[in-house]
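Work through the exercises below with the structure open. Try each task before reading its solution.

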Amino acid sequence: MATLTIAIMDAPYESGTSTTALRIVDSAVRKGHVVNVFAYEGAVNLTMKEQKPHPNPVKGTSVEDQHHPTTSSFIASLLETGKVDWINCGMCVDERGADNWIEGARRGGPADLLKWANESTNTLIMGIK
């Protein structure tokens with residue numbers, strides 16, 4: 001079993017990077033690995049409780065028909081496995097006022113990322129460009 005650290009910075013729904021990161025985490029967990037996620041910049045919004053699924057008026061579908069997932073519900077499922085630890089960068093949280101998270105996400109800082117990187121089997125930093 002490996003321990004992986006992933007740092008992500010993309011805000012939810014802005015690009016495919018955050019979704020790709022979550023899929024990598026999910027795949028690693030399914031293979032039995034432990035994953036540490038350090039969210040910084042806009043990625044601190046991935047765990048926001050206020051996210052809500054929405055209908056698609058263009059298609060004429062309701063919330064129930066659309067089955068639109070939220071990043072916070074995806075992350076909550078990952079945290080429930082007990083194999084994922086999630087830290088939101090406190091400085092980034094403060095800058096964005098993004099401090100109402102789902103249960104399991106916690107506040108930290110760059111020193112946590114460094115510690116995790118030093119202790120992990122491998123580290124992936126997913127920048128925005």
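**Exercise 1. A loop glycine**

Leaving aside neighbours within four places in sequence, which residues is Gly 32 in contact with?

Solution. Keep in mind that this is a predicted model.
- Step 1: find the residue. Gly 32 sits in the loop between α1 and β2.
- Step 2: list the contacts. With neighbours within four places in sequence set aside, Gly 32 is in contact with Met 1 and Lys 83.
- Step 3: check one C-alpha distance. Gly 32 and Met 1 are 31 residues apart along the chain, and their C-alpha atoms are separated by 6.2 Å.

**Exercise 2. Strand pairing**

Work out how β2 is paired, and in which sense.

Solution. 
- Step 1: take β1. It pairs with β2 in the parallel sense, over six bridges. Thr 3 stands opposite Val 34 in β2.
- Step 2: take β3. β2 and β3 run parallel and are joined by five bridges. Here Asn 36 has Asp 85 in β3 as its bridge partner.
- Step 3: β1, α1 and β2 together make a right-handed β-α-β unit.
- Step 4: Five of the six residues of β2 are buried, so β2 is largely enclosed by the rest of the structure.

**Exercise 3. One face of a helix**

Solution. 
- Step 1: look just past the helix end. Gly 82 there takes a positive phi of about 80 degrees.

**Exercise 4. The nonpolar core**

Which residues touch the most other members of the largest nonpolar core?

Solution. 
- Step 1: recall the background. Nonpolar side chains tend to be buried together in soluble globular proteins.
- Step 2: The largest nonpolar core has 36 residues, and Ile 8, Val 25, Phe 38 and Trp 86 touch the most other members.
- Step 3: assign the core to elements. Two or more residues come from each of β1 (3-8), α1, β2 (34-39), α3, β3, α4 (90-96) and α5 (110-119). α1 gives the most, with five residues.
- Step 4: take Phe 38 as an example. Not counting residues up to four places away in sequence, Phe 38 touches Ile 6, Ala 7, Ile 8, Ile 87, Cys 89, Gly 109, Pro 110, Leu 113 and Trp 116.

**Exercise 5. A serine in α1**

Is Ser 18 buried or exposed?

Solution. 
- Step 1: apply the cut-off. Buried means under 20% relative accessible area. Ser 18 has 1%, so Ser 18 is buried.
- Step 2: list its surroundings. Apart from neighbours within four places in sequence, Ser 18 is in contact with Asp 10, Ala 11, Pro 12, Tyr 13 and Leu 46.

**Exercise 6. Salt bridges**

How many salt bridges does the count come to? Examine some of them.

Solution. 
- Step 1: count. The count comes to six salt bridges.
- Step 2: look within α1. The side chains of Arg 30 and Asp 26 meet at 2.9 Å, N to O. These two residues are four apart in helix α1, about one helical turn. Arg 30 counts as exposed, at 68% relative accessibility.
- Step 3: look within α5. Glu 119 and Lys 115 form a salt bridge, again with an N to O distance of 2.9 Å. Both lie in helix α5, four residues apart, about one turn of the helix. Glu 119 counts as exposed at 52% relative accessibility, while Lys 115 counts as partly exposed at 46%.
- Step 4: look for a network. Salt bridges that share partners join Glu 41, Glu 95 and Arg 96 into one network.
- Step 5: Arg 96 forms a salt bridge with Glu 41, and their closest N and O atoms are 2.8 Å apart. Arg 96 lies in helix α4 and Glu 41 in the loop between β2 and α2 (63-66), so the pair ties together parts that are 55 residues apart in sequence.
- Step 6: Arg 96 is partly exposed, with 34% relative accessible area. Glu 41 also counts as partly exposed, at 31% relative accessibility.

Notes:
Residues numbered from 1 in each chain as written. Predicted model: local features only at pLDDT ≥ 70, side-chain atom pairs only at ≥ 80, totals over all residues. Heavy atoms only, no water. Core = buried A, V, L, I, M, F, W, Y, C linked by side-chain atoms within 4.5 Å. Buried < 20%, exposed > 50% of the residue type's maximum accessible area, 1.4 Å probe, protein only. Contact = heavy atoms within 4.5 Å. Salt bridge = Lys/Arg side-chain N within 4 Å of Asp/Glu carboxyl O. Pairing = 2+ DSSP bridges. Right-handed = clockwise from strand over helix to strand, strands pointing away.
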